[in-house]
Amino acid sequence: MEDESKVKYLLEEVAKIKMGKMFTSEQCFTREGIPYITEEALNKLSLEDDTSCLPKVDSTLKEQYSFSLVPTQSILLNKTNLKDTSIYQCKTDVCISHEIIAIIPNESILSSDYLFHFIKWHQHNNKKCDDYRLMIELPSIVIQHQVVQVLNAVQQLLANKEYLVTAVKNLPKHFDDTSRQAKHHSNSLYQGFEQLHYLYIAMLNHIFNGDYLHDFPEYHACQKLYSH
């Protein structure tokens, strides 16, 4: 029997897919304004989430120039093939260049966080898929929000990996007598992050293969409702 508590959509049915635009006029840029995302910037942001050093677009020139402005929580890609793309979730409004594709979810149906982790799952499974042809199976928005709480917590820890490992490695520079202990703890910390990364992938498989939904009371309530 088909599971009616989840609904399958084409991505473009539950999100707007927007292409960026190229503009080179120096008049568009200013020291304070809206971050401008190029492909190079996106590759860096996917590794370190810091827009402070990016070029900024003067928001007062929106009428004069046709900007590709996208809202916070948009998902940015640099390739239509999801397997090979860099991924970034906007923490603020940004302007995107012609090299960038923005996916702007309808958050009454599709959580931006849920979409972010779904695309990550596609990548980890080496699934080649054009974002315009992507099918996504959605539980209720309530279940989506519950699912992403744990995924976001793990993702936040992984995002701090390099900072924490480097900080422990640098301890011997400040305390000569802790060199051996610091190296041991640094190696243990690195191994812990590697295990956490594998756990994250396992969680993605568990969730987006549909198994995780059975842990939610809301899921069983929907099942009973549709069975009558």
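Buried means under 20% relative accessible area, exposed over 50%, and partly exposed in between, with a 1.4 Å probe and protein chains only.

Before going further, know that you are looking at a predicted model, where local features need pLDDT of at least 70, side-chain atom pairs count only at pLDDT 80 or more, and totals for chains, interfaces and linings use all residues. Residues are numbered from 1 along each chain as its sequence is written, and side-chain values use heavy atoms, with hydrogens and water left out.

Helices (H or I, at least four residues) and strands (E, at least two) are DSSP runs, numbered from the N terminus.

**Next stop: helix α3**

Select 112-124. With 13 residues, α3 reaches 19 Å from its first C-alpha to its last, close to the 18 Å expected at 1.5 Å a residue; the expected span is 1.5 Å times one less than the number of residues. Is the helix mostly covered or exposed? Mostly covered, with 10 of its 13 residues buried. Show Ser112, Tyr114, Leu115, Phe116, His117, Phe118, Ile119, Trp121, His122 and Gln123 to see the buried ones.

At the N-terminal end of α3, look for the cap: a side-chain oxygen of serine 111 lies 3.2 Å from the backbone nitrogen of aspartate 113.

From serine 111, hop to histidine 145: their C-alpha atoms are 7.0 Å apart, although 34 residues separate them along the chain. Histidine 145 sits in helix α4 and counts as partly exposed, at 39% relative accessibility.

Rings of Phe, Tyr and Trp (its six-membered ring) pair if their centres lie within 6.5 Å; planes under 30 degrees apart count as stacked, over 60 as edge-to-face and the rest as tilted. By this rule there are 5 aromatic pairs. One of them is phenylalanine 118 with tryptophan 121, tilted, at 5.6 Å centre to centre and 40 degrees between the planes. These two are 3 residues apart in helix α3, so about one helical turn separates them. Phenylalanine 118 is buried at 5% relative accessibility, and tryptophan 121 is buried at 7%.

Tryptophan 121 also pairs with phenylalanine 208, again tilted, at 5.6 Å and 35 degrees. Because tryptophan 121 lies in α3 and phenylalanine 208 in α7, this pair ties together parts that are 87 residues apart in sequence. Phenylalanine 208 is buried too, with a relative accessible area of 12%.

**Last stop: the sheet**

Which order do the 5 strands of the open sheet follow? Trace β3-β5-β4-β9-β6, with mixed pairing. Two strands pair if DSSP finds at least two bridges between them. The edge strands, β3 (29-30) and β6 (69-70), each pair on one side only.

Strand β4 (residues 34-37) runs antiparallel to β5 over 2 bridges, with proline 35 partnered by lysine 56. β4 and β9 pair in the parallel sense, over 2 bridges; here tyrosine 36 has cysteine 95 as its bridge partner. Cysteine 95 also stands opposite leucine 69, where β6 joins β9 (residues 94-96) through 2 antiparallel bridges.

Finish at serine 68, in the loop between β5 (56-57) and β6. Serine 68 is buried, with a relative accessible area of 1%. Its side chain reaches the backbone oxygen of methionine 19 at 3.4 Å. Leaving aside neighbours within four places in sequence, serine 68 is in contact (heavy atoms within 4.5 Å) with Lys18, Met19, Gly20, Lys21, Val94, Cys95 and Ile96.

Terms used: A polar contact is a pair of N or O atoms within 3.5 Å; within protein, one must be able to donate a hydrogen and the other to accept it, and residues adjacent in sequence count only if both atoms are side-chain atoms.
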